[in-house]
Amino acid sequence: MVKEKALIEFKNIVKTYGKGDAKTYALNGVDLSIKESEFVAIMGASGSGKSTAMNMIGCLDNPSSGQYLFNDINVEKLNRNQMALIRRNYIGFVFQSFNLLGRTSALENVELPLVYRKIPAAKRRELAFEALKKVGLESVVHHAPSQLSGGQQQRVAIARAIVTNPLILLADEPTGNLDSIKSIEIMNLLKELNEESKITIIMVTHEEDMAQYANRIVYFRDGHISDSLKKGFK
Ligand SMILES: Nc1ncnc2c1ncn2[C@@H]1O[C@H](COP(=O)(O)OP(=O)(O)OP(=O)(O)O)[C@@H](O)[C@H]1O
Ligand SMILES: [Mg+2]
């Protein structure tokens with residue numbers, strides 16, 4: 001059941017880069033509202049503003065103008081440290097390249113965000129193990145990334161993103177480096193996390209097949225939203 005509260009609210013968000021003749025509008029007046037427990041896919045041509053919007057949702061970047069409410073907090077009024085706190089406490093990130101530390105085990109990779117939160121070692125282990133179990137990797141927790149397949153590495157990255165129990169999971173092309181079978185496994189995992197743990201997911205994808213796993217597809221074109229499609233459950 002999708003709850004009614006808006007978690008993400010963009011009001012006329014504009015993001016420009018450069019000045020004068022070189023000024024580009026990466027986002028040009030975006031209104032977007034995402035509710036708790038939604039699973040939203042973002043699609044659109046290269047350069048249409050998808051990653052810019054994701055970076056803003058993830059409090060990695062500030063708008064040039066407009067209003068961004070995250071869980072009722074005015075993000076556009078926050079400084080860098082305050083934005084970092086929101087990221088650390090509420091947001092999990094998954095990228096196309098898995099961004100794992102090569103020489104450390106899956107368990108240690110997943111523990112890392114808990115180290116930053118100063119959680120005691122024994123508790124860290126326990127939470128990291130639980131997260132790895134959730135993504136189906138309990139049998140390989142001591143393996144290093146080089147001993148895991150691409151799909152397994154992305155699962156470790158997802159475990160690392162959810163171990164802090166974030167409000168939202170942001171995934172920018174999470175299946176971009178995976179073959180179609182591994183991609184489907186990752187999409188089924190994201191769908192399961194969304195349905196069972198009620199975590200809000202926002203995912204950028206270039207593939208219509210992957211977008212079908214979401215409840216809604218938002219299409220970007222030239223820095224604005226050109227269409228938004230609500231879907232039945234797959
Ligand atoms: N740091 C930056 N400096 C200057 N221009 C930028 C910067 N980041 C993005 N842009 C421009 O903003 C526009 C939107 O870029 P963005 O990365 O959001 O596109 P995208 O939809 O994610 O594309 P892709 O599908 O290729 O990842 C592009 O025209 C891009 O060149
Ligand atoms: Mg991008």
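A polar contact is a pair of N or O atoms within 3.5 Å. The model to which this criterion is applied is predicted.

**Exercise 1.** Identify the residues around ligand 1 and examine the polar contacts of Lys50, Ser51 and Thr52 with an oxygen atom of ligand 1.

*Solution.* 
Step 1. For Thr52, a polar side-chain atom is found 2.5 Å from an oxygen atom of ligand 1.
Step 2. For Lys50, an N or O atom of the side chain is 2.7 Å from an oxygen atom of ligand 1.
Step 3. For Ser51, a polar backbone atom is involved, at 2.9 Å from an oxygen atom of ligand 1.

**Exercise 2.** Determine how helix α3 is oriented relative to helix α4, and which residues make the contact.

*Solution.* 
Step 1. Two packed helices are described by the angle between their axes and the distance between the axes.
Step 2. Helix α3 spans residues 106–116 and helix α4 residues 121–134; their axes come within 9 Å and cross at roughly 120°.
Step 3. The orientation of α3 and α4 is therefore oblique.
Step 4. The crossing of α3 and α4 is right-handed.
Step 5. From α3, the contact involves Ala106, Leu107, Glu108, Val110, Glu111, Leu114 and Val115, while α4 contributes Arg124, Arg125, Leu127, Ala128, Phe129, Ala131 and Leu132.
Step 6. By class, this contact of α3 with α4 comprises 10 nonpolar, no polar and four charged residues.

**Exercise 3.** Characterise the packing of α5 against α6 by angle, handedness and residue class.

*Solution.* 
Step 1. The axes of α5 (residues 150–162) and α6 (residues 180–196) come within 10 Å, crossing at roughly 20°.
Step 2. Angles under 35 degrees count as roughly parallel, so α5 is roughly parallel to α6.
Step 3. The crossing of α5 and α6 is right-handed.
Step 4. Gly151, Gln154, Arg155, Ile158 and Ile162 of α5 meet Lys182, Glu185, Ile186, Leu189, Leu190 and Leu193 of α6.
Step 5. The residues of this contact of α5 with α6 are six nonpolar, two polar and three charged.

**Exercise 4.** At what angle do the axes of α3 and α5 cross, and which residues meet?

*Solution.* 
Step 1. The axes of α3 and α5 cross at roughly 30° and come within 7 Å.
Step 2. Helices α3 and α5 are therefore roughly parallel to each other.
Step 3. Their crossing, that of α3 and α5, is right-handed.
Step 4. Ala106, Asn109, Val110 and Pro113 from α3 meet Val156, Ala159 and Arg160 from α5.
Step 5. The contact of α3 with α5 divides into five nonpolar, one polar and one charged residues.

Methods: Residues numbered from 1 in each chain as written. Chains lettered and ligands numbered in written order. Predicted model: local features only at pLDDT ≥ 70, side-chain atom pairs only at ≥ 80, totals over all residues. Heavy atoms only, no water. Axes fitted to C-alpha atoms, helices over the stretch in contact; angles between N-to-C directions. Helix = DSSP H or I, 4+ residues; strand = E, 2+ residues; numbered from the N terminus. Parallel < 35°, antiparallel > 145°, perpendicular 65-115°, else oblique. Left-handed = near helix turned anticlockwise from the far one by under 90°. Contact = heavy atoms within 4.5 Å. Nonpolar A, V, L, I, M, F, W, Y, C, P; charged D, E, K, R; others polar. Near = heavy atom within 4 Å. Polar contact = N/O pair within 3.5 Å; in protein donor to acceptor, adjacent residues only side chain to side chain.
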